[in-house]
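Subject: Structure for your review

Dear colleague,

Please find the structure below, handed over for your work. My findings follow directly after it.

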Amino acid sequence: MLAEFQKEGKFSIDSVVAFASKKSKGKKVSFGDEELTVLDLENYDFVGINIAIFCAGSHVSERYVPIATEAGCIVVDNTSRFRMKEGVPLVIPEINKDKITEYKNHNIISNPNCTTIQMLLALHLLHQKAKIKRIVASTYQSTSGVGKAAMDELYNQTKKIFMNEAKKPEIFPKQIAFNCIPHIGEFMEDGSTKEEWKMQEEAKKILEEDIKVTATCVRVPVLVGHAIAVNVEFDQHITEEEAREMLSEDDGVLVQDKREDGGYMTQIDVVQENAVYISRIRQDDTVKHGLNMWIVADNLRKGAALNIVQILEILIKEHL
Ligand code: 11C
């Protein structure tokens, strides 16, 4: 996406380098029409590098982000390592792009978790009209949230089951083919998981509001695309028509909501799409001011890469 944005003239990059662990040193990765040779992150001198994007897991960020920032490099971090750190901006550009300037505190901007991004992008405008009191979210998250090895496990397990050659799962705690696993991220003391905790805490930090979020995060046998069923309780009434109208005009969001067979979006429909799609908008009359909706997005786009390059575009144009 970085190369795509550069091609579209959204920013220009003088030079780009790719890093990974020693294991991947020398491998080739594509960057638009170019091919980059992967360098070893260990002992790399970041002096002279303006911006680094980290997306290799929290433990890598924990060790190497401080080395990069101390060398004067601004880091856009796609991991959870610094998201909740005081002074580190956690940014979804459509919602809080003004926070980007706070990169100056620690030379870090954090990219939120994918489910947080798609849920808040769908809800932030409604929150301006009627304050959100509580969100009940159930997620249906694809294997690409874990990475390529997890996608391979789904693909290979599915094939092997058809061939009667079932094999023990290696990446997921249970069989993922033809199954759903209610467990994403490590378990917390209260019985929730880290992914569920992230949805609550990141939402509060981004909206700067003490809203209640209770989530159940579930891994489903899908390669790309996360879906979230949300039930939202507001402090005042908002009709489904008002919600549909507001969402139809919202940046980054598209409403696809016909009450007929196939009149809603699913994960397969949003692969390689930049927008967050909203379907099944309807009143929830079991609470005073409630709405239900179904939110689907490509977790590798708006949930990760797209949000990062949008942050970069603003950072470069407006702050550097
Ligand atoms: C998943 N949402 O689907 C996770 C992946 O904190 O950035 C992203 C984890 C994170 O497993």
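How are α5 and α7 oriented to each other? The model is a predicted one, and in it α5 packs against helix α7 (residues 194–207) at an angle of about 40°, with the two axes 10 Å apart. Angles under 35 degrees would count as roughly parallel and those from 65 to 115 as roughly perpendicular; α5 and α7 are therefore oblique to each other. The crossing in which α5 passes α7 is right-handed.

In passing α8, α5 makes a right-handed crossing.

I turn now to the ligand. The residues around the ligand are Asn78, Arg83, Asn113, Cys114, Gln141, Gly145, Ile184, Glu195, Lys198, Arg219 and His226. Sorted by class, this shell has two nonpolar, five polar and four charged residues.

For Arg219, a polar side-chain atom lies 2.6 Å from a ligand oxygen atom. The side chain of Asn113 places an N or O atom 2.8 Å from a nitrogen atom of the ligand. In the case of Gln141, a side-chain N or O atom is 3.0 Å from an oxygen atom of the ligand. Of the 320 Å² that the ligand exposes when taken alone, the protein buries 83%.

With kind regards

Notes: Residues numbered from 1 in each chain as written. Predicted model: local features only at pLDDT ≥ 70, side-chain atom pairs only at ≥ 80, totals over all residues. Heavy atoms only, no water. Near = heavy atom within 4 Å. Polar contact = N/O pair within 3.5 Å; in protein donor to acceptor, adjacent residues only side chain to side chain. Areas by Shrake-Rupley, 256 points an atom, 1.4 Å probe, with all protein chains shown as cover. Nonpolar A, V, L, I, M, F, W, Y, C, P; charged D, E, K, R; others polar. Left-handed = near helix turned anticlockwise from the far one by under 90°. Helix = DSSP H or I, 4+ residues; strand = E, 2+ residues; numbered from the N terminus. Axes fitted to C-alpha atoms, helices over the stretch in contact; angles between N-to-C directions. Parallel < 35°, antiparallel > 145°, perpendicular 65-115°, else oblique.
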